[in-house]
Amino acid sequence: MTSTDPKTDTGWLGLHGKVVTITGAAGGIGEAMARAFATAGARLALLDVAPGVEALAADLRRAGADAVALSCDVGDAAGVDDAASRVLQALGPCDVLVNTAAILRPGDLIDLPADAWNRMLAINLGGYFLCAQAFGRQMRTRGKGALVHVASTAGMLPQPHSSAYSITKAGISMMSRVLAAELGPAGNRSNGGSPGMVRTPMSEAFYPDADLLARRERAVPLRRIGMPDDIAVVAMYLASERAGYVTGQDIVVDGGVMTALATLIPRPGYER
């Protein structure tokens with residue numbers, strides 16, 4: 001019987017043998033992306049500055065995947081260009097770029113030092129831009145390829161006390177749409193996915209006890225916090241030929257939070 005699970009049905013997605021580059025691959029969402037694409041038979045280039053990226057690539061190779069790890073600061077233009085060249089030599093032209101590398105820092109925007117502002121923009125937005133350029137040019141030359149950018153619902157609604165995080169995520173969504181318009185005539189697609197609350201090592205500090213977890217879950221119509229796999233399967237769809245006529249879109253992956261904001265406003269007689 002043919003599987004219908006998008007994480008294991010390589011025929012349905014058509015990702016087998018595709019060269020997929022994932023930035024921030026050692027992070028929570030990045031690792032989930034790597035494991036999911038590996039299950040679909042993709043050939044992986046894993047980029048990160050964290051040492052864990054080497055161990056992840058080795059683990060995937062032991063499971064039978066074709067995976068290489070590259071140390072790369074996505075905020076450094078020369079480093080990104082070098083990584084793109086190395087991926088081309090090791091695996092061939094990039095078919096899919098998945099941008100996930102990001103940092104999150106607490107603090108009010110009004111008090112944010114200029115160097116911290118510049119660093120956050122350089123990684124969260126500039127890194128996506130540099131990687132889209134370096135790997136997107138390979139796709140444009142071949143007339144095919146997909147770019148997938150992990151944004152955030154924080155780019156749609158202000159997330160205060162998080163420095164420039166919301167600003168960078170809003171920029172990612174617009175950048176993705178601009179790329180879709182510019183690269184579409186060459187046969188390339190660009191889409192985004194905007195997670196809501198997702199439990200990752202970066203956000204684990206938001207869940208110090210069961211009571212806070214329960215309060216957060218009650219804010220989600222589906223009554224659970226998202227997991228990295230929830231984002232990975234959306235990215236796989238956007239990267240696949242199943243989404244071959246989808247470009248310039250941003251899929252919100254938040255369990256319904258954005259659609260339920262009106263429930264926060266008291267309405268006597270209409271509440272359940």
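These legends walk through several close-up views of one predicted model.

Some ground rules come first. Residues are numbered from 1 along each chain as its sequence is written, and side-chain values use heavy atoms, with hydrogens and water left out. Because the model is predicted, local features need pLDDT of at least 70 and side-chain atom pairs count only at pLDDT 80 or more, while totals for chains, interfaces and linings use all residues.

**View 1. The whole chain.**
The chain's secondary structure comes to 8 helices and 7 strands; helices (H or I, at least four residues) and strands (E, at least two) are DSSP runs, numbered from the N terminus. With a radius of gyration of 19 Å, close to the 19 Å that the globule rule gives for 272 residues, the chain is as compact as a globular protein of that length. That radius is taken over C-alpha atoms, and the globule rule is 2.2 Å times the number of residues to the power 0.38. Taken along the principal axes, the C-alpha atoms fill a box of roughly 60 × 55 × 40 Å. Of the 272 residues, 46% count as buried. Here buried means under 20% relative accessible area, exposed means over 50%, and partly exposed is in between (1.4 Å probe, protein chains only).

Helix α5 takes in residues 114-142, 29 residues in total. From its first C-alpha to its last it reaches 40 Å, close to the 42 Å expected at 1.5 Å a residue; the expected span is 1.5 Å times one less than the number of residues. Look for glycine 126, where α5 bends by about 45°. That bend is the angle between axes fitted to the seven residues ending there and the seven starting there. Just after the helix, glycine 143 takes a positive phi of about 75°. Arginine 140 is also in α5, and its relative accessible area of 47% makes it partly exposed. Between arginine 140 and methionine 202 there are 62 residues in sequence and 34 Å in space, C-alpha to C-alpha.

**View 2. The second largest pocket.**
This pocket has a volume of about 200 Å³. A pocket is found on a 1 Å grid over the protein atoms alone, as an open set of points with protein on both sides within 12 Å along at least five of seven lines; a cavity is a set of points where a 1.4 Å probe fits but cannot get out, and lining residues have an atom within 4 Å of a point. Grid points are joined across faces, edges and corners, and a volume is the space filled by probe spheres set on the points. Among the lining residues are Phe129, Gln133, Arg137, Arg140, Met175 and Glu182. Which elements give two or more residues to this lining? They are α5 and α6 (165-183), and α5 gives the most, with 6 residues. The lining divides into 6 nonpolar, 2 polar and 3 charged residues.

**View 3. The largest cavity.**
The count comes to 1 cavity of 30 Å³ or more, and about 40 Å³ of space lies in the largest cavity. Its lining is made by Met33, Val148, His149, Val150, Gly193, Ile231, Val234 and Ala235. Two or more of these residues come from each of β5 (145-150) and α8 (228-239). How does the lining divide by type, and what number is charged? It has 6 nonpolar residues, 2 polar and no charged.

**View 4. Helix α8.**
The 12 residues of α8 should span 16 Å at 1.5 Å a residue, and the end C-alpha atoms are 17 Å apart, which agrees. Buried residues of α8 include Pro228, Ile231, Val234, Ala235 and Leu238. Valine 98 is 135 residues away from valine 233 in sequence, yet their C-alpha atoms are 12 Å apart in space.

**View 5. Residues in the loops.**
Serine 163 sits in the loop between β5 and α6. Its phi is near 55°, a positive value in a residue other than glycine, and at 10% relative accessibility serine 163 counts as buried. Arginine 223, in the loop between α7 (210-218) and α8, has a positive phi of about 60° although it is not a glycine. Glycine 196 is found in the loop between β6 (188-195) and α7 and is partly exposed, with a relative accessible area of 24%.

Terms used. Nonpolar A, V, L, I, M, F, W, Y, C, P; charged D, E, K, R; others polar.
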